[in-house]
Amino acid sequence: MSTPVWITATPPATHGELHIGHLAGPYVAADVLTRYLRAEGEPVRFTTGTADHASSVEVRALRLGRKPEEVAEGYRAAIAADWLRSGVEFDHIVRPRRDKGYGRWVRELFAKLYAQGVIAPRTRLLPYCAPCGRWLHGAHATGSCPHCGAASDGGMCHECARPNDGGDLIGARCAVCEAPAVARRCRRLYIPLEPFRDVLADYWAAAGLPPRLAALCESLVEDGLPDIAVGQPADWGLEVPVEGFPEHRIDGCFEAAAMHLFGYDTEGPLPPRAIHFCGFGHSFCHAVLLPVLLLAQDVKLPQEFNVNESFVVEEGVREGNAWALDLLTEYGSDTLRRHVLQARPLGRRTVFRRDRLAAARRELDENWNGWLSRLFAAVREECGGLAPQALPGGTGWEVLERRLHRAVDDLREAYGPGAFDPRRAVAVLDEMVRSAADFGYVNAHERCRPTTACRHLPALAAQLAVASALTAWARPVMPEGADRLAAALRVEPGRPVDWHALIPPLPGTRLAPPSGPVFGF
């Protein structure tokens, strides 16, 4: 078996449930690409993890008066359930507090990099909260980004994606008690990035970065690559395996990058390529820190980046109304998946609006399910529920068939990693369904012609061929409905996205249409 393509998605911090913005970001899109490649016969390894040791988990625990491990475990289970209900299927989800050998592996990697001189101690300013008696690193500190001025945590700005060292955070305050922070000197462990300047610049040039990410990386080089703190004085997280830092923990960004390597299993052969899905605010860990961890071990891996912008809730809608679990329960995975792909934020922020999600449901109900309902009813009335004894045909079939063949080429391009565009894929699928529905309406009148018996059966066979093809063509976007349709037509699910799928069920096959909608509910 050939070495699989490696697809990753950002490990979410387990301080809360998944928001619709998370699904609109890396997870559903990465699952679409994974499903398409697998249907093509391409071996894929799709991985992520949960950032249980993120500083935001400890902050949430402090605010709730709970233990961080309780917060992490509870939300990790909720996030895994959201992935499952939304049809996002990973090969491996790294569970930092459960996976055997994980903690030892991360600490050994950290110690190895320290022994090689890649990690080195530095003394820098770090915010400190006197009332809480706590160093403010990561989510413990709030303030303004020293680079773009946006509201930011310590360590990383999710607006401009540039790191800060905590001590340079403007107007730093404690995230728990909101007291103003005092900057104090603190000795921590860092990865100085400047020694990797040339090799990183070459790596970024070869990777073909998206424009905004390329601008970020070039500006980092232009300004001088920073030193990145990879250890923090803290109570939560994996202990730093270096003498002289007894109360320090491995930083969450370092662990998130290392988590990807653990999820792939670097002991095996390297993949031919890696494709990383992340939001722009998390791109530093993927595009800068992860390559450094690989390059420091003389590992050169071709990597690509699929970066999305943020997905925000419209004004006037409470953010609590956009939790993934609630929306999945109300709308189902088919509707939610096609909506977040159709509205996926690329190059700009996208606003989540419930009326657009409702419009996605109407599209499925009125066009997709409406056409399939009429088709199944016609087969039941005209053929006793059996696939007709006829070859695909009917008025306009040759034209429709040619259009579908061209559309499949467009669909394959939209699904493929080279020009990945799930929004285009949704638009192509909608046009296919509308064309098939129009074809059905036109040819339904054949039943009224008294001079030619059974002239309408080829048109039914033609529509069944399109429906059969949709079980393959639509599956990367809406796997639940596509598999339900495959079961109704008695055809094999998960076939490649190509024109060979355009074939009706065998004549005489008894169809088993579902009692409810095929796509969505």
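Select C148 to begin: at 38% relative accessibility, this cysteine counts as partly exposed, a class lying between buried (under 20% relative accessible area) and exposed (over 50%), computed with a 1.4 Å probe on protein chains only. The model is predicted, so local features need pLDDT of at least 70 and side-chain atom pairs count only at pLDDT 80 or more, whereas totals for chains, interfaces and linings use all residues. Residues are numbered from 1 along each chain as its sequence is written, and side-chain values use heavy atoms, with hydrogens and water left out.

Next, select C253 and C285. Their sulfur atoms lie 2.0 Å apart and form a disulfide, defined as a pair of cysteine sulfur atoms within 2.5 Å. The two cysteines are 32 residues apart and link distant parts of the chain, C253 in helix 7 (residues 252-264) and C285 in helix 8 (residues 283-295); helices are DSSP runs of H or I with at least four residues, strands are runs of E with at least two, and both are numbered from the N terminus. The torsion about the S-S bond is about -135 degrees, so the disulfide is left-handed. Both C253 and C285 are buried. By contrast, C148 is in no disulfide, and the nearest cysteine sulfur, that of C157, is 3.7 Å away.

Then select C383, which counts as buried at 18% relative accessibility.

Finally, move to T350 in strand 16 (residues 350-352). T350 counts as buried at 9% relative accessibility. With residues up to four places away in sequence not counted, T350 touches S310, F311, V312, A343, R344 and P345, where contact means heavy atoms within 4.5 Å.
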